[in-house]
Amino acid sequence: MLEKMNNKPLLSAAAFYVTIAHMQIVNGREIRDEILAGLRDRVDALPFTPVFCDVVVGNDPASLQYVAMKERTAESLGIESYSAHFSEDITTDELVDEIARVAAMPGMSGLIIQLPLPAHIDTQTILDSVPLSIDVDALSTEASERFYSGDPEFIFPTALAVTAILDTLPIDLDTMSVAMVGNGMLVGRPVAHLLHMKNASVDVIDANTEGKEEILRSSDIVISATGQANLITGDMLQEGAIVIDAGTSESGGGISGDVDRESVAEVAGFLSPVPGGVGPVTVAMLM
């Protein structure tokens, strides 16, 4: 599967961005809409109604907002949305039993666990309780091992979103140097691996990386997924760099990315911002 993706872009190059001064800014919502348009006919052609389920524990407002967006998207495609919402005091064993019940529902085609879970719940046990055939977030131990061994059942949606955005640009990844800032399980590590599979030269930067300043300034593409607001500034980048912001954090009652947009706009040639960049495309790839 990875080899096929390496040879066939998820989207054809198109004007999915607007130009402000010398910098192009991605419109992730337009990329999302093109992906979803191609899915509606596929859903209609199925001999059954597929069901998508978000397992939610507690009442975190940001999580509930994200879940509602996924549900609306699924339903717009003709996918039945089922929300399995549980109180914060549920135990790990109880949640495992509930997931087994939901997974057995007729037509269940994708089941994800909304993270983070409460501290008293064993997160990996819960992720591992999702059957591989419907683990569309690819977060179980088995799904992750298969992804990194090159035989995935599913691929991390955010990693697919990043590569989909890059596919809209007139570039050859195998000639580009990439700095992946952050090595987390959800974004940094799978993005780096998927880009390696596409023959890009990738340097992963974390808190212990030496010479990170030199790596950033020499990279054609900088992708950041740390959740640290305004971590990436213009003085860190080479002129004309492609910048993909895949980090989110709460700031002043809203959502901020890792990239300081104002200073980066003076240097970068292309920016996928937060909000409106990787996020909408991730939901489309999940679908």
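This is a predicted model: local features need pLDDT of at least 70, side-chain atom pairs count only at pLDDT 80 or more; totals for chains, interfaces and linings use all residues.
User: Which residues are linked with R146 in a network of salt bridges?

Analyst: The network links R146, D151 and E153. E153 forms a salt bridge with R146, and their closest N and O atoms are 3.7 Å apart.

User: Why is D151 called partly exposed?

Analyst: Buried means under 20% relative accessible area, exposed means over 50%, and partly exposed lies in between (1.4 Å probe, protein chains only). D151 has a relative accessible area of 45%, and is therefore partly exposed. R146, at 24%, is partly exposed, and E153, at 32%, is also partly exposed.

User: How do you know that R101 and E98 form a salt bridge, and where do they lie?

Analyst: The closest N and O atoms of R101 and E98 are 2.9 Å apart, and the pair forms a salt bridge. Both residues lie in helix α4 (residues 92-103), three residues apart, which is about one turn of the helix. Helices (H or I, at least four residues) and strands (E, at least two) are DSSP runs, numbered from the N terminus. R101 has 44% relative accessibility and therefore counts as partly exposed; E98, at 25%, is partly exposed. A search of the whole structure finds five salt bridges.

User: Is L77 buried or exposed, and how do you know?

Analyst: L77 has 2% relative accessibility, so L77 counts as buried. The residue is placed in the loop between α3 and β4 (80-86).

User: Which residues does L77 touch?

Analyst: Contact means heavy atoms within 4.5 Å. Leaving aside residues up to four places away in sequence, L77 touches L36, L39, R40, V43 and M287. L77 and L39 are 38 residues apart along the chain, and their C-alpha atoms are separated by 7.1 Å.

User: What makes a space a cavity, and what volume has the largest cavity?

Analyst: On a 1 Å grid over the protein atoms alone, a cavity is a set of points where a 1.4 Å probe fits but cannot get out; a pocket is an open set with protein on both sides within 12 Å along at least five of seven lines, and lining residues have an atom within 4 Å of a point. Grid points are joined across faces, edges and corners, and a volume is the space filled by probe spheres set on the points. The largest cavity has a volume of about 30 Å³. Its lining consists of L111, I112, I113, L127, V130, D135, D137 and L139, and β5 gives the largest share, three residues.

User: How many residues line the largest pocket?

Analyst: The lining has 47 residues, with Y66, Q114, T248, I255 and G279 nearest the centre. The largest pocket holds about 1,500 Å³ of space. Helix α3 gives the most to this lining, with eight residues.

Terms used. Residues are numbered from 1 along each chain as its sequence is written. Side-chain values use heavy atoms; hydrogens and water are left out. A salt bridge is a side-chain nitrogen of Lys or Arg within 4 Å of a carboxyl oxygen of Asp or Glu.
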